[in-house]
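Subject: Structure handover

Hello,

Here is the structure for your files. My notes follow it.

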Amino acid sequence: MTHLGYLIAGWGITLIVILSYITSVFRRARSVASRVPSGRQRWMTSSESEIRD
Amino acid sequence: MFKQNQGVTSSPKSRLLGFATLLGLVTLFVFAFFLTDPDVRLHPTTGEEIGQFDAVRLLYLHVPMAIIGPYLAPLVGAVASVGYLIKRTPWWDVTANAAIEVGTIFCGLVLVQGSIWGRPVWNTWWEWGDVRIMTTLILFLMLLGYLALRRIVADEHKQARRSAIVALVAAINLPIINRSVEWWESRTLHQKSTLSELKIEDLTFFTLMMGIVVFLMLFTWLVLHRFRLGWLEKESLEQEALTAIAERRAEATTNEEETS
């Protein structure tokens with residue numbers, strides 16, 4: 001395979017940045033959610049969430 | 001820990017979308033690296049091998065993300081900003097912020113991927129004179145400006161209104177980016193539309209289309225989670241304000257009781 005270094009850099013940087021962003025969003029959400037009453041988290045109304053809560 | 005963190009902004013449907021996106025990304029990777037051929041052609045006169053060779057596999061990321069980052073995301077942000085300016089409800093503002101934040105990341109990645117792809121194919125990392133690169137860079141900087149503005153203005157309504165205006169100004173750049181290769185044909189290394197004129201082979205075309213679908217799913221999933229985070233942040237601020245008011249009232253009542 002030619003240009004392997006470029007391929008690893010292009011795909012690698014993309015995946016690392018997206019994964020870091022996803023992790024950052026989840027962490028921030030978890031931190032903020034602890035300050036918001038569960039009744040105000042309006043999408044958390046599924047039976048699965050109710051069981052977990 | 002990852003699953004536990006995801007739980008805060010996820011719902012059964014978003015988990016399903018996330019799983020489908022992950023599956024799509026793995027499939028795209030297999031197609032991009034193992035099932036499609038490298039771009040190799042023979043020169044018509046010399047018979048020498050020419051083309052992008054394996055560097056073409058970067059385009060399965062770059063093209064789909066270039067459709068979403070510099071076009072779709074700012075467009076969603078602009079539409080939501082118009083919605084905010086008309087309705088003045090936080091839903092539109094939080095949606096615009098979510099779309100633009102994810103779009104900024106995609107736009108930045110498009111510039112980086114383009115640079116990495118350009119080195120082996122165009123023999124340059126960066127071309128300051130290329131109108132498509134420059135217009136995309138300007139959009140990226142404007143999107144960064146939008147995100148910066150959201151951090152510096154303290155008043156919630158002022159912040160939302162000013163951000164909406166910046167999002168609309170940034171959206172002016174979208175048709176310019178799109179038409180730049182036609183309007184300034186001699187000042188760009190980018191080619192004109194490849195997808196619409198079907199200049200590419202079947203499997204390559206299929207993989208590109210699959211990439212567009214997969215990245216659209218990823219974009220939707222990211223915006224969904226970012227929206228829910230934005231909503232939580234809004235609720236948290238309201239909660240803080242309510243707590244502060246309650247504390248002040250309790251303090252005032254205590255002071256009155258002490259005085260009497």
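Is the crossing of helix 3 of chain B and helix 8 of chain B left-handed or right-handed? The crossing is right-handed, meaning that the near helix is turned clockwise from the far one by less than a right angle. Helices here are DSSP runs of H or I with at least four residues, and strands are runs of E with at least two, numbered from the N terminus.

First, the conventions. This is a predicted model, in which local features need pLDDT of at least 70, side-chain atom pairs count only at pLDDT 80 or more, and totals for chains, interfaces and linings use all residues. Residues are numbered from 1 along each chain as its sequence is written, while chains are lettered from A and ligands numbered from 1 in the order in which they are written.

On confidence, the model has ipTM 0.90 and pTM 0.89. The average pLDDT (the predictor's confidence in each residue, from 0 to 100) is 91 for chain B, with 94% of the residues at 70 or above.

Back to the helix pair. The axes of helix 3 (residues 59–87) and helix 8 (residues 202–259) of chain B come within 8 Å and cross at roughly 45 degrees. Helix 3 of chain B is therefore oblique to helix 8 of chain B (angles under 35 degrees are roughly parallel, over 145 roughly antiparallel, 65 to 115 roughly perpendicular, the rest oblique). Axes are lines fitted to C-alpha atoms, for helices over the stretch in contact, with angles from 0 to 180 degrees between N-to-C directions.

Chain A has 2 helices and 0 strands.

Regards
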